[in-house]
Each structure stands twice: as C-alpha cells, then as structure tokens.
Amino acid sequence: MKMMDILFGRVIDRRIAEYQNDLITKHCDEVQNIYKTMRGWRHDYHNHIQTLLALSGDEEKTREYLLNLNDDLTYVDTVIKTGNIMVDAILNSKLSLLKSKDIKVNAKAVVPPSLQISEIDLCVIIGNLLDNAMEACLAQPEAEKRFIRLFIGILKEQFYLSVSNSVYGELKKEGKTYLSTKNTAGHGFGLMRIDRIVKKYDGYMNRQNEDGIFATEIMLPL
C-alpha cells in the first residue's frame with residue numbers, strides 16, 4: 001500500500017510539473033505577443049512621422065491625417081487599468097493574446113484597493129478562466145462566433161468576477177461538475193485550482209452552459 005502511495009505521488013508530481021511547464025510556455029507566448037505588438041506600433045509610428053513630414057506645409061491635409069491617426073490610436077488602445085498592478089499585468093497579457101487569436105473581447109474591470117483575496121490567488125483565477133475561455137473559443141470553427149466577455153467589480157457588497165464565452169458542441173459533465181476539454185497533461189488542474197481558491201475564501205461560484213455560451217460567476221468576500 002505504501003509503495004502504491006509513493007507511485008501515485010510521483011505521478012501527481014510529474015503531472016503538476018508538466019502542467020507548470022505548460023503554463024510557463026503560455027506566459028512566454030503571451031510576452032512574445034506583447035513584444036510583437038510593440039514592435040508593430042513602433043514601425044507604424046515611424047511611418048506616421050514620415051507621412052507628416054511629407055505633408056508639412058499643407059495644413060489642411062496634415063490636420064485631416066492627425067484626426068484619422070487619433071481615431072486609429074483610440075481604436076487600438078485596449079489597455080485595461082483596474083487599479084491593481086498585478087491584475088493589470090495578467091489581464092493585458094491575456095487580452096493581447098486573445099486579440100492575436102482574433103477572438104472578440106468585451107472587458108470591463110475595476111479592482112477595489114482592499115481585498116481579502118491575495119493578488120496571486122486572484123491572478124490565478126483570472127488567468128485560468130481566460131485560458132479556459134480561449135480554449136473553448138478556438139474550438140469554435142466559425143471565427144466570427146468567437147467571443148469572450150469579462151467583468152470584474154463589486155456586486156452586492158461582494159467582489160464579483162464573471163467570464164462568459166462562446167462554446168461549440170456539448171460540454172462534458174460529471175454530475176454537476178463541468179470537466180476540462182483539454183487533452184493535455186494538465187487536464188483539469190486549472191479548474192481544480194479555481195475551485196480550491198474559491199473554497200479557501202468561503203466564496204461562491206456558479207458555472208452554467210446555455211445556448212452556446214459558457215459562463216462562470218465568482219463572488220468573494222471583501
């Protein structure tokens with residue numbers, strides 16, 4: 001029996017290590033995507049400067065170009081400022097990755113200055129929810145139907161977090177529990193971590209699937 005426990009422990013340790021390696025790879029991809037976006041902006045700015053120099057002397061055309069440029073910059077400015085630096089980092093990293101995957105995102109997030117939940121635990125929840133949402137969206141063969149909606153704020157004097165996304169096909173369930181659709185060594189670890197953190201803070205969580213939309217709601221005491 002003791003040997004079985006040791007072997008089981010080794011299997012779990014290996015799966016956790018593989019899962020953590022997968023997370024590191026994802027974070028590297030996210031950072032690389034941010035750098036790629038920044039390089040693109042730098043290249044665009046260079047072109048804009050060259051165009052403005054060519055238009056110098058033509059006040060009307062220069063003004064028109066600047067107005068169009070302002071509209072363009074307003075459109076591409078997707079940086080979210082929640083009031084919490086760590087949450088800003090994880091959110092903007094994930095949103096940048098989602099944008100690169102052509103997934104439509106509607107996000108609104110405000111984090112109160114004082115929280116009972118630790119910033120690390122909160123980022124774990126957000127990161128895993130968005131990873132799961134992205135996985136589900138990418139399984140949708142029709143790109144125009146892929147979307148994610150995120151809301152973080154205060155509801156009924158509780159810290160409230162909601163993520164909903166498009167889904168394709170039927171989701172797997174075991175009783176009332178939704179199962180991960182990932183075919184990786186980290187199968188289900190993301191969902192497990194979310195569940196444990198919510199339980200740790202005596203929070204409330206609700207998952208539901210209806211009409212091609214999967215939604216997760218989490219409420220935590222302030």
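This is a predicted model: local features need pLDDT of at least 70, side-chain atom pairs count only at pLDDT 80 or more; totals for chains, interfaces and linings use all residues.

Q: How many residues does helix 3 have, and what span is expected for it?

A: Helix 3 has 16 residues, and 22 Å is expected at 1.5 Å a residue. From its first C-alpha to its last it reaches 23 Å, close to that value.

Q: What is found at the start of helix 3, and what just after it?

A: At the start, a side-chain oxygen of asparagine 84 comes to within 3.1 Å of the backbone nitrogen of methionine 86. Just after the helix, aspartate 102 has a positive phi of about 60°.

Q: How many salt bridges does a search of the whole structure find?

A: The search finds four. In one of them, lysine 94 pairs with aspartate 131, with the closest N and O atoms 2.8 Å apart. The pair links distant parts of the chain: lysine 94 lies in helix 3 (residues 85-100) and aspartate 131 in helix 4 (residues 119-138), 37 residues apart.

Q: Are lysine 94 and aspartate 131 buried or exposed?

A: Both are buried.

Q: Which residue meets aspartate 121 in a salt bridge?

A: Lysine 200 does, at 2.9 Å from N to O. This pair also joins distant parts of the chain, with aspartate 121 in helix 4 and lysine 200 in helix 5 (residues 189-200), 79 residues apart.

Q: Why does aspartate 121 count as buried?

A: Buried means under 20% relative accessible area. Aspartate 121 counts as buried because its relative accessibility is 12%.

Q: What about the salt bridge between lysine 145 and glutamate 142?

A: Here the closest N and O atoms are 3.3 Å apart. Lysine 145 is partly exposed, with a relative accessible area of 42%, and glutamate 142 is partly exposed at 34%.

Q: How many helices and strands does the protein chain have, and what pattern do they follow?

A: There are five helices and seven strands. Along the sequence the pattern reads α-α-α-β-α-β-β-β-β-α-β-β.

Q: Which numbers describe the chain as a whole?

A: The chain has 222 residues, of which 36% count as buried. Among contacts with a separation of 6 or more, 65% are between residues 24 or more positions apart. The accessible surface comes to about 14600 Å², and 55% of that belongs to carbon and sulfur atoms.

Conventions: Residues are numbered from 1 along each chain as its sequence is written. Side-chain values use heavy atoms; hydrogens and water are left out. A salt bridge is a side-chain nitrogen of Lys or Arg within 4 Å of a carboxyl oxygen of Asp or Glu. Helices (H or I, at least four residues) and strands (E, at least two) are DSSP runs, numbered from the N terminus. Buried means under 20% relative accessible area, exposed over 50%, partly exposed in between (1.4 Å probe, protein chains only). The expected span of a helix is 1.5 Å times one less than its number of residues. A polar contact is a pair of N or O atoms within 3.5 Å; within protein, one must be able to donate a hydrogen and the other to accept it, and residues adjacent in sequence count only if both atoms are side-chain atoms. Contact means heavy atoms within 4.5 Å. Accessible areas come from the Shrake-Rupley method with a 1.4 Å probe; for residues, only the protein chains shown count as cover.
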